[in-house]
Amino acid sequence: MVDAVVRTEKPATSRRTPAGGAPTAPHSAAEAAEPRINVAEVTDLLLGTWADTRREAREMIKDPAFWNIEGQTVAEQRERVLGQLRLIVDAGAAARSYPPEYGGLGDNGANIAGFEELVLADPSLQIKAGVQWGLFGSAILQLGTKKHHDKWLGDAASLALPGAFAMTETGHGSDVAAVGTTATYDAETEEFVIHTPFRGAWKDYLGNAALHGRAATVFAQLITGGVNYGVHCFFVPIRDESGAFLDGVGGEDDGVKGGLNGIDNGRLHFDHVRVPRENLLNRYGDVAPDGSYSSEIDSPGRRFFTMLGALVQGRVSLDGSATTASALALYIAVTYGNQRRQFDSGSGTSEVVLLDYGRHQRRLLPRLATAYAQAFAHDEFLKKFDGVFSGRSDTDAEREDLETLAAALKPLSTWNALDTIQEAREACGGSGFLAENRLVGLHHDLDVYTTFEGDNNVLLQLVGKRLLSDYGRQFKGKDTAALARYAVGQTAGKVFHNAGLRQLGQSVTDFGSTARSVELGLREEQQRELLTTRVHTMVADVAARLRPASKLSPAEAAALFNENQSDLIEAARAHGELLQWEAFTDAIHRVSDDGTLQVLTWLRDLFGLSLIEKHLAWYLLSGRLSAQRAGAVSRYIGRLCTRLRPHAQDLVDGWGFAPEHVRAPIASGAEQERQDEARAYMAALAASGNAPVSEKSLKKK
């Protein structure tokens, strides 16, 4: 109903601005006489490989029982979300990744896809489900062996055994290898003694820890025979059936948080708590009854990262759910912007729809392009995850690539979610600040996604180190002649870009107009070259500056790395942006409908050029763009926004959200009804002859 109301308006079809200064861009593709997207095809494209599972999850959460209720107390929220988890179990939608014999479907990709959609119902529900089945249960599944699965996994799947994932400590978050909790083996009793020796070693920020959890998967330094074998995971009961802490276990409630208050986050500490030797989740390392340690992975560092890599699905799911939340915010803001009117045209006509203003388009449409890029990149990411965890492509190289991809994409999507939701909130004015319209609540709830599953800057540093490693690998074993040839190639490339790359640096007079020259000179291949060159050059520059580190003392080498840390993280971020652009480009190449292809190509170009605009200083200083071409990029982005404005509603409709998923009154058609009522009133008043005369008109006479 909302779409029909928006599209039946008949604004002027000219793209020009009248003398009064008001924009008159067309509202619909039909009015603009341009290609129109096939919304159904776009929805299929955005829902991706596991579209059926996503639709199934969305159908389930149309039930109001799954929706968050604004204004509830923390206690009420927590009980409601726990009840919602039971509804998920009843619907057969819990723990899809677990083997069928333990209540799952054995489908890793479907598990993540269905989980991500829960953000539309209530982010607290999504994250609590992730704690129970994606962290606590998955630690048992991925780090344990069959004896552990048989003992605990079925109860974790059915929610008969609520659990916490006790990795993070008050004193150590992203630096898991340095956690202070210990698990010391006692060979006489064949037990591990779990202990938090100081306050900073308390396990903290744990979902299910404050109230509902009866057990925890605890990460601790495994010590046996006087040797510390590094961090391992242990199954530790923490409460009895009545909810009371077991002997030696204590904790606190984290209390009210900035968001996600439906989750009972809390702290746990252990005072020499004994658990049987069999409670070590021993897939990657084991302790025999006599206390001897064994592992198929000899390297302590590789063993540690293998264990953490087995739990990468948290980063995968946060990337997808942050993208969905961004899409929801944009749906609300664009739909409202298509209906809300503000300021008249200056020529006595009706007030102007917000989305007809160039600035409003600039605020929302590039962010919409980014959300599309993230969705396409996420589907590729999810397919790689499913390939590794299904066993179809489970190799060391594939796992390393998956971990790097997770560390590259999760930061970008979670940061962008906060930026997008905030901009959408502001674009909706005071209405966006009302809790009923969801934008403020989404921002609060998604804030912590940027530090969930690893601080974003730390994750990008991991990506940067991988990029440096890959960069150095291409020179391994090369002789002097090969290195010299590479150096010559690099010099030639720099001369090429700085002095003569006509394709990208030509004078604007070549094509007669700045906008036209940018359009012809910054299409797909040129965008790819600019984005790729930026990554390669940044990595090469950091590598060159770090090269002396091998000849320095450890302290001096660390100081040198610290000097270049920010640049390395920026290179990693550029790498993530390139991955998103490539995924967007691959996606549009799969489009069959001509109109859809044209519009999505414009949207991809808007994403690519927005990235180039964001980093214009780098492109200018490195000689990759001329001053003329750089100055024209922003103007051409404006042209793309004008082209895409008629398609804005179709593009947000492409996400396939139903009214039950949106639940924002300003995006329900209510605003259109208000505007129609006001316009009808003013038209009737003018026709009656009883309208008061304005003071301004009298003064003009």
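This is a predicted model: local features need pLDDT of at least 70, side-chain atom pairs count only at pLDDT 80 or more; totals for chains, interfaces and linings use all residues.
**The nonpolar cores**

Start inside the protein. The largest nonpolar core has 166 residues. Ile88, Tyr372 and Leu446 have the most contacts inside this core. Helix α11, residues 358-390, gives the most to the core, with 15 residues.

What does Ile88 touch, leaving aside its neighbours within four places in sequence? Ile88 is in contact with Met60, Phe66, Ala93, Ala94, Leu118, Leu125 and Trp133.

Another core lies apart from the largest one. This other core has 23 residues, among them Ile194, Val218, Leu222 and Val236.

Two packed helices are described by the angle between their axes and the distance between the axes. The table gives both values for two helix pairs.

| Helix pair | Angle between axes | Distance between axes |
|---|---|---|
| α11 and α23 | about 85 degrees | 10 Å |
| α11 and α21 | about 105 degrees | 9 Å |

How do these angles read? Angles of 65 to 115 degrees count as roughly perpendicular. The angle of about 85 degrees therefore makes α11 roughly perpendicular to α23. α11 and α21 are also roughly perpendicular to each other.

Now look at the residues in these contacts. Toward α21, α11 uses Arg362, Leu365, Pro366, Ala369, Thr370, Tyr372 and Ala373. On the α21 side, the contact is made by Leu600, Leu603, Leu606, Phe607, Ser610 and Glu613. Toward α23, α11 uses Gln361, Arg362, Leu365 and Pro366. They meet Ser634, Ile637, Gly638, Cys641, Thr642 and Leu644 of α23.

**Helix α3, from end to end**

Helix α3 spans residues 39-47. Asn38 caps its N-terminal end. A side-chain oxygen of Asn38 lies 3.1 Å from the backbone nitrogen of Ala40. After α3 comes Gly48, with a positive phi near 80 degrees.

Which residues of α3 are buried? They are Glu41, Val42, Thr43, Leu45, Leu46 and Leu47. Their cover includes α4, α11, α20, α21 and α24. Here α11 and α21 turn up again.

Strands of a sheet pair through backbone hydrogen bonds, either parallel or antiparallel. Three strands of this model form an open sheet in the order β4-β8-β7, with antiparallel pairing. β4 (203-206) and β7 (249-253) stand at the edges. Each has a single partner strand, so one side of each is left without a neighbour in the sheet. Neighbouring strands are turned by 20 degrees against each other on average, direction ignored.

β7 and β8 (residues 266-270) pair over five bridges. One of the residue pairs can be named: Asp253 has Gly266 in β8 as its bridge partner.

**Two loop residues with positive phi**

Ala95 is not a glycine, yet its phi is positive, about 50 degrees. Ala95 is found in the loop between α5 (74-90) and α6 (108-117). Is Ala95 buried or exposed? Its relative accessible area is 3%. Buried means under 20%, so Ala95 is buried.

Asn208 also has a positive phi, near 75 degrees, and is a residue other than glycine. Asn208 sits in the loop between β4 and β5 (215-224). At 2% relative accessibility, Asn208 counts as buried.

Methods
Residues are numbered from 1 along each chain as its sequence is written. Side-chain values use heavy atoms; hydrogens and water are left out. Two strands pair if DSSP finds at least two bridges between them. Helices (H or I, at least four residues) and strands (E, at least two) are DSSP runs, numbered from the N terminus. Axes are lines fitted to C-alpha atoms, for helices over the stretch in contact, and angles run from 0 to 180 degrees between N-to-C directions. Buried means under 20% relative accessible area, exposed over 50%, partly exposed in between (1.4 Å probe, protein chains only). A nonpolar core is a set of buried Ala, Val, Leu, Ile, Met, Phe, Trp, Tyr and Cys residues joined through side-chain atoms within 4.5 Å. Contact means heavy atoms within 4.5 Å. A polar contact is a pair of N or O atoms within 3.5 Å; within protein, one must be able to donate a hydrogen and the other to accept it, and residues adjacent in sequence count only if both atoms are side-chain atoms. Angles under 35 degrees count as roughly parallel, over 145 as roughly antiparallel, 65 to 115 as roughly perpendicular and the rest as oblique.
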